[in-house]
Amino acid sequence: VSQSRYGAASDIFGSLRARSLVVDSTGTFTGRVTAKDFLSLSDRRFKENIELISNPETILSSIRGVRFHWKASHQTDIGCIAQEVQACLPEAISGDLESGLHIAYDKLVPVLIEAVKDLTARVKELEKRVLA
C-alpha cells in the first residue's frame, strides 16, 4: 500500500505500464528487479568536500567476494558480506541488524576505479624499470 502526498493510498498488483513513475520514498522488493538502466544523481553541483578515495587497495583487501546459499531458498548466489563492507566503507551500507544489512554495490565502483588507477600506475612504473 502506498500513500501519496495528498493522503490517497493505492495498491499495485500485477503489471504497471507507464512512461514515468515517480516514487518519493524507498521501496522494498522481495523478488528480482529488472531495468534497462539505473541512474544515480552524481552532478558536481550537488556535492561539496570532494576528495579522492585514499587507500582503495586497503578497502578492497578488507572485503571478500563470496559464493553462498540463501538460507530461506537454498539458492546459490555471489556477493559480499555486509558487515565486512560496513567496517571499511560504511557509506555503502544501509539497514540495521534487526531487518538486515544491505549493500549498495554501485558504491563499490568508485573504490574499484581508484584501485585500478593505482595498480595501472604501479605496472607502468615496473615496466619502466624492466625495460630500462
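A salt bridge is defined here as a side-chain nitrogen of Lys or Arg within 4 Å of a carboxyl oxygen of Asp or Glu. The structure is a predicted model, in which local features need pLDDT of at least 70 and side-chain atom pairs count only at pLDDT 80 or more, while totals for chains, interfaces and linings use all residues. Residues are numbered from 1 along each chain as its sequence is written, and side-chain values use heavy atoms, with hydrogens and water left out.

**Salt bridges**

Side chains of opposite charge can pair when their charged atoms come close.

| Pair | N to O distance |
|---|---|
| Arg122 and Glu57 | 3.5 Å |
| Arg129 and Glu125 | 3.6 Å |

Helices (H or I, at least four residues) and strands (E, at least two) are DSSP runs, numbered from the N terminus. Accessibility is classed by relative accessible area: buried means under 20%, exposed over 50%, and partly exposed in between (1.4 Å probe, protein chains only).

Glu84 is buried, at a relative accessible area of 19%, whereas Arg64 is partly exposed at 48%.

A salt bridge also joins the side chains of Arg122 and Glu57, at 3.5 Å from N to O. Here Arg122 is located in helix H3 (residues 109–131) and Glu57 in helix H1 (residues 56–61), so the pair ties together parts that are 65 residues apart in sequence. Arg122 is partly exposed, with a relative accessible area of 47%; Glu57 is likewise partly exposed, at 22%.

The salt bridge of Arg129 with Glu125 lies within helix H3, where the two residues are 4 residues apart, about one turn of the helix. Arg129 is exposed at 58% relative accessibility, while Glu125 is partly exposed at 35%.

**The loop residue Glu98**

Glu98 is situated in the loop between strand E5 (93–96) and strand E6 (100–103). Its relative accessible area of 81% classes Glu98 as exposed. Glu98 and Val111 are 13 residues apart along the chain, and 28 Å separates their C-alpha atoms.
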